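Here is a friendly walk through one model, from its charged pairs to its nonpolar cores. Please keep the sequence and the 3D view at hand.

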Amino acid sequence: MNFISRLGYVIKEGFLQVIRAGGLSVAVVVIVAATLLQLSLFLGVSRVLDHAFSSANQKFEMAVFLSAATTQADTARIQDLLSHDARVASFQLVTKEAALQEFRKDPSIDQMVRALGENPLTDSFTVVLKNEATGQADSLAADLKKESRVEEVSYGKGEWETVSNLARVIRWAGLLMASLVFLTALFIVANTLTLALWARREDMLSMVRLGAPVWMRWGPYLCEGIFQGLMGSVIVMVFLEATRRAAGAALQKYSGFDLLATLPAQDWFSLYLHLMVIGMVIGMLGAFWALQKKWVKELL
């Protein structure tokens, strides 16, 4: 029997055993679906954080304030420095007149400027960093401060680090909780599949006596677990897609569904793909764990 024939036999028998198992198959599918629904929230929140930080990176700006003694030649030199820096995506010169006009939109500030009788501002540059260079903001600020005509560089360093650290903590906490959920589901699935093996112990013993090879005895059970995991993941994907399309607004206040609803289409596709793989892995590992039981090994 060649490989293709063996694979066809394993897939066919695995699918038939899902049907024969009846209630036990339903139990495994429900357990996998419940697990994946919880994991989808962790994965969804993680993707929302990544999407939010990606958007923030694209809007990450640095304000470079020049001294009052800056000449046109100094400004041109700093412009040339920024244009040749690999960390800079774009920059714009903001003259003190333009900055003052923007500030004077606030009536209280306009009144203060009138009282001063002069423009207290200086020229500045608004610098946008490349996405991959946001972690190098400190080094860019240090390089710019070496210029004698650069008075101050501001980019909200403290706030950015606080948000980054908070996001990192959320990711690690979510990973830990997701791992615990995954292991709990794996344990329950393995024990449920062990019951299915016990119900078929006579069939297994008959195959051993007839000299059936190991792949013929193990393969269908592993394939059965994969099918059950796949069915559970399909149920969750259908539910999430229905939630996204029809009930997103109504469920915004429940368990982070509002976060999932903000994901772009490609992130939803990636989420579904990950859920499908995780579901199949849970089913396969659960079946493999069940086959490692002492009484099963003695029987096989």
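How many salt bridges does the count come to? A salt bridge here is a side-chain nitrogen of Lys or Arg within 4 Å of a carboxyl oxygen of Asp or Glu, and by this rule there are 6. The model is predicted, with local features needing pLDDT of at least 70 and side-chain atom pairs counting only at pLDDT 80 or more, while totals for chains, interfaces and linings use all residues. Residues are numbered from 1 along each chain as its sequence is written, and side-chain values use heavy atoms, with hydrogens and water left out.

| Salt bridge | N to O distance |
|---|---|
| D74 and R77 | 3.0 Å |
| R77 and E147 | 3.0 Å |
| D143 and K146 | 3.7 Å |

D74 and R77 sit 3 residues apart in helix α3 (residues 72-83), about one turn of the helix. Helices (H or I, at least four residues) and strands (E, at least two) are DSSP runs, numbered from the N terminus. Shared partners join D74, R77, E147 and R149 into one network.

How exposed are these side chains? Buried means under 20% relative accessible area, exposed over 50%, and partly exposed in between (1.4 Å probe, protein chains only). D74 is buried at 10% relative accessibility, E147 is buried at 18%, and R77 is partly exposed at 35%. K146, at 68%, counts as exposed.

Now to the nonpolar interior. A nonpolar core is a set of buried Ala, Val, Leu, Ile, Met, Phe, Trp, Tyr and Cys residues joined through side-chain atoms within 4.5 Å. The largest one has 24 residues, and V189 and L240 have the most contacts inside it. Helices α2 (23-58), α7 (157-199), α9 (214-247) and α11 (265-291) each supply at least two of its residues, with α11 giving the most, 8 residues. Leaving aside residues up to four places away in sequence, V189 touches V28, I31, V32, I282 and G286 (contact means heavy atoms within 4.5 Å).

Finally, helix α1 has V10, E13, G14, Q17, V18 and A21 as its buried residues. The face turned away from that buried side carries the exposed residues I4 and I19. Just after α1, G22 takes a positive phi of about 60°.
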